[in-house]
Amino acid sequence: MNGSVPGGSPGAAGVRRGEALSRYAIDPAAHGREFCLARLADMLRVRRMEERCAQLYGEGKIRGFLHLYIGEEAVAAGVMPNLAPVDNVVATYREHGHALLRGVSMNAIMAEMYGKQEGCSRGRGGSMHLFDRATRFYGGNAIVGGGLPLAVGLALADTMLPRPGAVTVCFFGEGAVAEGAFHESMNLASLWQLPVLFVCENNLYAMGTALSRSEAEIDLTKKLAGYGIDTGHVNGMNVLAVHDAARQALAQVRESRRPFFLELHTYRFRAHSMFDPELYRDKAEVERWKTHGPIHTFTDKLKAAGLMTEADFQRLDAAAMAEVDAAVAFAEAGTWEPATQLGRDVTAP
Amino acid sequence: MPATSYREALRAAHREALQRDARVFVMGEDVGRYGGSYAVTKGLLEEFGEARVRDTPLSELGFVGAGIGAAMGGMRPIVEVMTVNFSLLALDAIVNTAAALRHMSGGQFGVPVVIRMATGAGRQLAAQHSHSLEVWYAHVPGLKVLAPATLADARGMLWPALQDPDPVLIFEHAQLYNLEGDLPDPAPVVDISRAAVRRAGDDVTIVTYGGSLPRALAAAGTLAEQGIAAEVIDLRVLRPLDMATVLASVRKTHRVLVVDEGWRTGSLAGEVMARVAEEAFYDLDAPPARVCSEEVPIPYAKHMEEAALPLPPKIVAAARALRQSA
């Protein structure tokens, strides 16, 4: 299935920067009201959580690096519903949304951002290192490309143990494609026939370096031909397109026990981190992409299709806000691990 | 006691691990069909099959990282890297991921991987195959670093390393592979937490490890002929250091010489000396001393390579100077 992703509309594949993304609409009615509202709710939960994180950063409650996913929510919201509890998830340092939608509680995520011991990594990881054993969420990896060999190894373990049916989903940005770890991992995954779905979140910028300024070949899927890995690419701003593409790709991975590379074209609306003055891109470009925002375009589409009313939206949004309020309260009420426990968990007790 | 070699002892340890635990597998460059670049894994492919004796491409970052992932996923991988020089291509996976993961995940995920590699000089392999960089790893919290210097340790360290819930690195000095001797059958169980006194003496403590142990023991023999009784301590575990054994000896001999094939600057020798100075300063009759590699990339020409290494004549001279000072 090189080059296209059956299950999406034919037009859903092959989206390129500069093309009008909205023409690759996928019919929401085919997915049903309940499903669509759940995806919208997922995106709203991530969006509202992160908007509050940015505010809390300004207040000094959250420190360190904070990389917001705002604008890219359709990717995690589209992929995650396709996963089973048995599956592994490996993500990057821009992983708040992935953690939340994999099932890590917003309370534990927010407490982690605060550095409280009630956080999902006991306050040892922070924003970039969310981990959760219960949901097989393997981070939270802040070395670009660092999660790729890990994903290969997790899938190798699943193959050898074996854990039949389990797949590993590895999220990474397009910047990781320049790393040696990417190429070594693709080769190993294909050579050893490992069940990994590699999800490339192509937001066009590796921190501040545009893809076209860092890659000799900007059609990333072409690189996979050299590894014999099937690929698909789809509009990452359309949650249903992402969902359908990921569903199809995962079905292939589960069936073939071979890797698949899925590229999702998306865009980061906010700065790379809270320290980024965004000197490398035009405001007009950001504004243009915002018109394709995954939440409002989906909202409009659902309303137009008669699947949702404004009251429905308000209800979902209020629920997301309430969850955020509760998470902040939980984090505020959280406790600081005594510094005397500093040496804990460096090695096993 | 059957005669064996360091290489064969390592191989027997691998065979035992593969037999005892279905989660154990070996992977690395040329561990299978080639039989291992130092022939440690020779014959294991035929015995255990391609899945468990797994040849890898020349992708140190990829396959060491995959070993780390497989360990997190429930396997017990033994990853062989040809030499410590090549392991630098995997430094990211070892230091940024394996060592940090338990702590940065708040204790949720451990990485029970064993990573073995050859280290050290002495075979005229020049500056990209000869260095002793184990101290780089010994610097890092979250790792355990072992240096088997005897047949018993070559045979016995692997199994307990595999039982460790955290990443363990095993450094095998390339000049030890042909070391021959007797090993009891069944092989003795060894611990991987303590240093060992390899030769007793009252006049000076020589602390060393790995490929420098035979050199230190040879030097101790020479010193004995000259009336100086050297106590030789094999660190065995480079992280965490067993300073209790070292300090007990220093409090007896009041003089300490550290022999380390790493370069002097930032060396493990420096760490041992600092700890002795911190914890047993008033027990010392002379300043701590060390013999390390000269600060040059290891050269090819035999006489030049020998000039760079901490060989027995240098150890003897340093011990004599130490004995005569203060």
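**Domains, sheet, contacts and cores**

Mentor: In this predicted model, the centres of domain 1 of chain B and domain 2 of chain B, taken over C-alpha atoms, are separated by 26 Å.

Trainee: What makes these two parts of chain B domains?
Mentor: The bounds come from an automatic or database domain assignment, which divides chain B into domain 1 (3-182) and domain 2 (196-324).

Trainee: How many residues of each domain take part in the contact?
Mentor: Domain 1 of chain B contributes 24 residues and domain 2 of chain B contributes 23 residues. Residues count here because their C-beta atoms, placed from the backbone, lie within 7 Å of a partner's. On the side of domain 1 of chain B that touches domain 2 of chain B, α7 (134-138), β6 (144-146) and β7 (168-173) of chain B each supply at least two residues. That side divides into 12 nonpolar, 9 polar and 3 charged residues.

Trainee: Why are β13 and β14 of chain B said to pair?
Mentor: Two strands pair if DSSP finds at least two bridges between them. Strand β13 (residues 256-263) of chain B is joined to β14(B) by 5 bridges, and the two run parallel; therefore they meet the requirement of at least two bridges. Within this pairing, B:Val259 stands opposite B:Val291 in β14(B).

Trainee: What is the strand order of the sheet in chain B?
Mentor: Its 5 strands follow the order β9-β11-β10-β13-β14 (chain B), forming an open sheet with mixed pairing.

Trainee: Why are β9 and β14 of chain B called edge strands?
Mentor: Strands β9 (196-199) and β14 (289-293) of chain B each pair on one side only. From one strand to the next, the twist averages 25 degrees.

Trainee: Which element gives the most to the side of chain A that touches chain B?
Mentor: The contact involves 34 residues of chain A and 34 residues of chain B. On the chain A side, α5(A) gives the most, with 10 residues. That side comprises 17 nonpolar, 10 polar and 7 charged residues.

Trainee: Which residues touch the most other members of the largest nonpolar core?
Mentor: Of its 199 residues, these are A:Leu197, A:Leu262, B:Leu146, B:Ile206 and B:Ala319. The core draws at least three residues from each of domain 1 (3-182) and domain 2 (196-324) of chain B.

Trainee: What makes A:Leu197 and A:Leu262 contact partners?
Mentor: A:Leu262 touches A:Leu197, and its other partners include A:Phe198 and A:Ala249. The criterion is that C-beta atoms lie within 7 Å.

Definitions and conventions: Residues are numbered from 1 along each chain as its sequence is written. Chains are lettered from A and ligands numbered from 1 in the order in which they are written. This is a predicted model: local features need pLDDT of at least 70, side-chain atom pairs count only at pLDDT 80 or more; totals for chains, interfaces and linings use all residues. Helices (H or I, at least four residues) and strands (E, at least two) are DSSP runs, numbered from the N terminus. Axes are lines fitted to C-alpha atoms, for helices over the stretch in contact, and angles run from 0 to 180 degrees between N-to-C directions. Two residues are in contact if their C-beta atoms, placed from the backbone, lie within 7 Å. Ala, Val, Leu, Ile, Met, Phe, Trp, Tyr, Cys and Pro count as nonpolar, Asp, Glu, Lys and Arg as charged, and the others, Gly among them, as polar. A nonpolar core is a set of buried Ala, Val, Leu, Ile, Met, Phe, Trp, Tyr and Cys residues joined through C-beta atoms within 7 Å. A residue is buried if 20 or more other C-beta atoms lie within 10 Å of its own, exposed if 12 or fewer, and partly exposed in between; C-beta atoms are placed from the backbone. Lists of a residue's contacts leave out its neighbours within four places in sequence.
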